[in-house]
Amino acid sequence: YFFISHEEDKDYAQKMHRIFQGRDGRIKRLREYMHIPYACDHKRHILFTNRENPISEIHARLVDYCPDPDVTYMAIYISPFSKFEEDESQREVYYKVKQQLIQRGIQSQVICRDKILEKDTPNVYTVINMALAMLAKLGGTPWKLNSPLSNELVIGVGAFNDPRTKTRYIGSAFSFQNNGKFNRFEHFCEETSFLLASSIKEAIEDFATHAGDPSRLIIHYFKRMRKEEMQEIDKALDSLELNGLPVYIVTINKTESKDLLAFDDSYKHGIPRSGVYIRTDEKRFLLFNNTRHGHRDPKPTDGYPFPLNLRISSNQEDIDSRVIKELINQVYQFSRMYWKSTRQQSQPITTSYPSMLAELAPHFDKGLVPEKGKDNLWFL
């Protein structure tokens, strides 16, 4: 680990270092949360003087960066600004620092300087969430699904509408095994969405290299797939001589105010139990994915309480009811694999991770993610 901060904020970097060592007294040492050693390389610390635009100073230091090939590095960036600053130039610093580090294969964790000032020390959950994200970025697995590993490939596609350019960016071909293990991703903007089929083809080839041909392909999609998109995927499968491969498309949307809702009259808050799903027509389902588990009542701070709207289609003539149940359960389980926070999410990571990437990528040069950032979860 090494720290990057403004020279006037080096005391805050030192404070985070003490917290990670477990010397704060109220928070366990970082190793207790991550189960990997915390080793700090003080010689690599970067102090910059230009608070408004530190990119050139950070770049100059990283040019001379000579990594030890046997060591993985994590930069802790003490940011003077949050990524939600009103000043656009200040917001952009966050993204440019990320890009500089990714280009060199360095993972990073950003914490806003003001977060360290809260109540004289970061909240314990802030540190736990940081530990989760850092472990995932370093290739670790905070937790995984208790599912027997099968030879199926799950690919997620999500999107983000950039209000600055009025362009929809796509995070595509996020490849997962059925136990939630992340493989790799590609991304592109909507104007080049014809690349979707080729990116899915590449994901299948990569999967086949390590695990053999998949037994079935499941695509979690952020919108209803167009007929032309499905035809392109069929062509890609034909070129791989996998034209008999079962393909299931699960469209995953949040319900809007005009959509169907359902209520549990026997429960005081009216929210159906988490995991319940209701069939609304031949291909559509409402999946309730909330924090009503057992006798626990949902809290107002728990997040999005409404059901997910699922639509399931396939290249198979009929979809067995058992398969439908498996596909819906898989959506539910993948929502538990969010490694940026301990707080439960309603969206599965198969669509939320691509959306996160699609939000960040437009801020990089030419909207491109460096190759060294395509097989890890740097964006958490």
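Q: Which residues lie nearest the centre of the second largest pocket?
A: This is a predicted model. In it, Phe84, Tyr95, Phe160, Glu359 and Leu360 lie nearest the centre of that pocket. The lining has 18 residues.

Q: How much space lies in that pocket?
A: About 370 Å³.

Q: And which element gives the most to its lining?
A: Helix H10, residues 349-360, gives the most, with four residues. H4 and strand S5 (152-162) also supply at least two residues each.

Q: What's the lining like by class?
A: Ten residues are nonpolar, two are polar and six are charged.

Q: OK, the largest pocket now. How much space lies there?
A: About 590 Å³. Its lining has 21 residues, and Gln109, Val110, Ile111, Lys115 and Lys340 lie nearest the centre.

Q: Where does the largest share of that lining come from?
A: From H6, with six residues. H6 spans 124-137, and helix H4 (88-102) and strand S4 (107-112) are also sources of at least two residues each.

Q: How many of those lining residues are charged?
A: Five are charged, five are polar and eleven are nonpolar.

Q: H4 keeps turning up. How do the axes of H3 and H4 cross?
A: The axis of H3, which covers residues 55-63, comes within 10 Å of the axis of H4, and the two cross at roughly 10°. An angle under 35 degrees counts as roughly parallel, so H3 and H4 are roughly parallel to each other.

Q: Which residues make the contact?
A: On H3, they are Ile55, Ile58, His59 and Leu62. On H4, they are Val93, Lys96, Val97, Gln100 and Leu101. By class, that contact has six nonpolar residues, two polar and one charged.

Q: Switching to strands. What order does the open sheet have?
A: The order is S2-S1-S3-S4, four strands with parallel pairing. S2 (46-48) and S4 are the edge strands, each pairing on one side only. From one strand to the next, the twist averages 15°.

Q: How many bridges join S3 to S4?
A: Six, and S3 covers residues 74-79. Methionine 74 stands opposite glutamine 107 of S4.

Q: Which strands does H1 touch as it packs on the sheet?
A: H1, residues 10-20, touches S1 (2-6), S2, S3 and S4. The direction of H1 makes about 150° with that of S1.

Q: And H3, which strands does that touch?
A: H3 packs on the sheet too, touching S1 and S2. The direction of H3 makes about 150° with that of S2.

Key. Residues numbered from 1 in each chain as written. Predicted model: local features only at pLDDT ≥ 70, side-chain atom pairs only at ≥ 80, totals over all residues. Heavy atoms only, no water. 1 Å grid on protein atoms, 1.4 Å probe; cavity = no way out; pocket = protein on both sides within 12 Å on 5 of 7 lines; lining within 4 Å. Points joined across faces, edges and corners; volume = space filled by probe spheres on them. Nonpolar A, V, L, I, M, F, W, Y, C, P; charged D, E, K, R; others polar. Axes fitted to C-alpha atoms, helices over the stretch in contact; angles between N-to-C directions. Parallel < 35°, antiparallel > 145°, perpendicular 65-115°, else oblique. Contact = heavy atoms within 4.5 Å. Pairing = 2+ DSSP bridges.
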